[in-house]
Amino acid sequence: MARSGLAGAARVARWADSALGPGREGATADGKATLSDATAERAARELGLSPAQVRADWDTARLAGLVEVHGDNARPGWRLRAWNRDDSAVLRGWVALFDAWSLAYPEPEDHEPAAVAEVVSAMPQVLSFLQLSAGPVPVEQLLDLLQQRVTELRTERCEVVYGPQPEPARPRPAGPAAPDAPLAPLLDWALRALASVGALTYGHGQATLTPLGSWAVWVKLEQICVAAQSPAGNIEQSAEDMLRGCAQLRPNAARAEYRAWLAARPVGSAVTELLEAARGEDALLRGLAFEALRVVGAPAEPDVRAVLDEPTLRPYALLWLAEHDGIDPEDAHEVLTREEATWLWVDTAAAVADHGESSMLVRHLESAVQPTVPALLDEVRAVGHPRTVQVLVALAAAHPDPALAKAVRRAAFQVHTGGS
């Protein structure tokens with residue numbers, strides 16, 4: 001259903017990608033990524049559509065994230081790139097359109113913006129009722145619910161002033177009270193807008209969620225429940241503080257915390273914040289950040305690919321992408337070069353040295369890809385990790401074998417002094 005509903009938008013977005021890419025004539029004229037008349041007419045000729053349909057599909061593509069607007073330029077979104085191979089990209093694109101339903105259909109005329117805003121704020125409860133009803137609901141029943149919710153919103157905005165108050169002025173004769181804006185036309189607009197994006201069917205005095213609309217509302221309700229059940233209470237923290245709070249949790253509890261944290265914020269900004277935390281000096285947070293990104297899944301792929309050129313993040317990103325492409329996590333390390341694997345070994349050792357116990361550091365020695373300790377030390381010195389000296393000193397202090405500890409200390413000294 002999502003692919004079918006967005007087929008026209010995907011077609012126009014692909015046309016724009018091929019016909020209006022870098023180095024070609026621009027698509028927009030107003031600095032807002034609105035198609036110019038000439039471009040809309042050209043697309044209509046080449047796609048066999050009317051200019052009005054091209055514009056409508058272009059607007060849908062923007063709302064669904066198939067086209068991303070940056071200033072006065074528009075470029076293909078990651079969802080368009082992943083369209084043919086990733087069903088989750090299609091579903092997320094439709095959910096983005098669903099979230100923007102109030103922009104997808106012209107607002108009713110002659111209504112106060114405040115009244116329209118109240119109806120938009122109240123519609124999630126109406127949609128939840130439709131989802132729970134699992135069938136057609138009369139519009140009169142939805143109107144009653146909408147009126148109740150709008151009344152609640154107005155009550156929540158009222159401010160009760162406490163303490164002594166000045167004497168009220170002598171009341172003036174009151175004229176007729178201005179009636180509240182009728183909600184029936186606004187409900188009609190909202191239902192038509194939601195029908196236009198494929199969330200429900202509307203006609204004959206009743207509305208019914210489509211299977212796609214029912215799924216989307218369920219996902220929203222589930223996100224609210226997940227966010228409300230943050231096990232460690234880090235939902236409002238920054239990414240770095242949230243990751244620190246998860247450091248002592250068991251893997252399943254940490255993943256629940258990641259899901260709650262992610263459910264409470266837009267995916268794009270959450271991914272950006274996690275990658276920024278991963279760039280810090282704490283190697284433990286680097287590993288935990290990519291664990292959280294595994295919970296994000298496909299939407300994080302473009303941002304993870306973008307950090308492959310950063311030496312600090314490259315090994316983590318390669319493993320993430322390998323697992324995302326379906327490689328078994330136990331075999332994912334095979335995508336790393338020997339140097340990348342060694343760098344990751346040192347980075348993980350730094351996390352253990354900072355936050356773990358000595359015995360964990362000794363056990364970590366056994367996970368090295370090198371067959372012997374001398375070979376490991378030679379390659380560790382060669383990769384140039386900034387924490388190499390501290391890791392080797394900590395390993396030497398922790399290891400029970402005096403001869404091996406001595407060799408590790410010697411290697412640490414050589415790295416420190418730049419000797420060989």
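Predicted model: local features only at pLDDT ≥ 70, side-chain atom pairs only at ≥ 80, totals over all residues.
Buried here means under 20% relative accessible area, exposed means over 50%, and partly exposed is anything in between, worked out with a 1.4 Å probe on protein chains only. Residues are numbered from 1 along each chain as its sequence is written, and side-chain values use heavy atoms, with hydrogens and water left out.

**Salt bridges**

- There are 22 salt bridges in the structure, a salt bridge being a side-chain nitrogen of Lys or Arg within 4 Å of a carboxyl oxygen of Asp or Glu.
- As background, side chains of opposite charge can pair when their charged atoms come close.
- Arg244 sits in helix H11 (residues 239-246) and Asp282 in the loop between helix H13 (267-278) and helix H14 (283-296), so the pair ties together parts that are 38 residues apart in sequence. Asp282 is buried because its relative accessible area is 13%.
- Helices (H or I, at least four residues) and strands (E, at least two) are DSSP runs, numbered from the N terminus.
- Asp87 bridges to Arg3, with the closest N and O atoms 2.9 Å apart. This pair links distant parts of the chain, as Asp87 is in helix H6 and Arg3 is in helix H1 (residues 2-5), 84 residues apart. Asp87 counts as exposed at 54% relative accessibility, while Arg3 is partly exposed at 31%.
- Asp59 and Arg62 form a salt bridge at 3.9 Å, N to O. Both lie in helix H4 (residues 51-63), three residues apart, which is about one turn of the helix. Asp59 is partly exposed with 37% relative accessible area, and Arg62 is partly exposed at 27%.
- Arg85, Glu301 and Arg305 are joined in a network of salt bridges.

- Three strands make an open, antiparallel sheet in the order E3-E5-E4; strands pair if DSSP finds at least two bridges between them.
- Strand E3 (137-138) and strand E4 (200-203) are the edge strands, each pairing on one side only.
- E3 pairs with strand E5 (residues 206-209) in the antiparallel sense over two bridges, and Pro138 stands opposite Gln206 in E5.
- Helix H7 packs on the sheet and touches E3, E4 and E5, its direction making about 75 degrees with that of E5. Contact means heavy atoms within 4.5 Å, and axes are lines fitted to C-alpha atoms, for helices over the stretch in contact, with angles from 0 to 180 degrees between N-to-C directions.

**Helices H16 and H17**

- The axes of helix H16 (residues 314-324) and helix H17 (residues 338-355) come within 9 Å and cross at roughly 110 degrees. H16 and H17 are therefore roughly perpendicular to each other, a label for angles of 65 to 115 degrees (under 35 is roughly parallel, over 145 roughly antiparallel, the rest oblique).
- H16 brings Arg314, Pro315, Tyr316, Leu318 and Leu319 to the contact, and H17 brings Glu340, Trp343, Leu344, Asp347 and Thr348.

**Around Ala104**

- Ala104 is in the loop between helix H6 (87-99) and helix H7 (113-133), and counts as partly exposed at 33% relative accessibility.
- Leaving out residues up to four places away in sequence, Ala104 touches Leu63, Ser196 and Val197.
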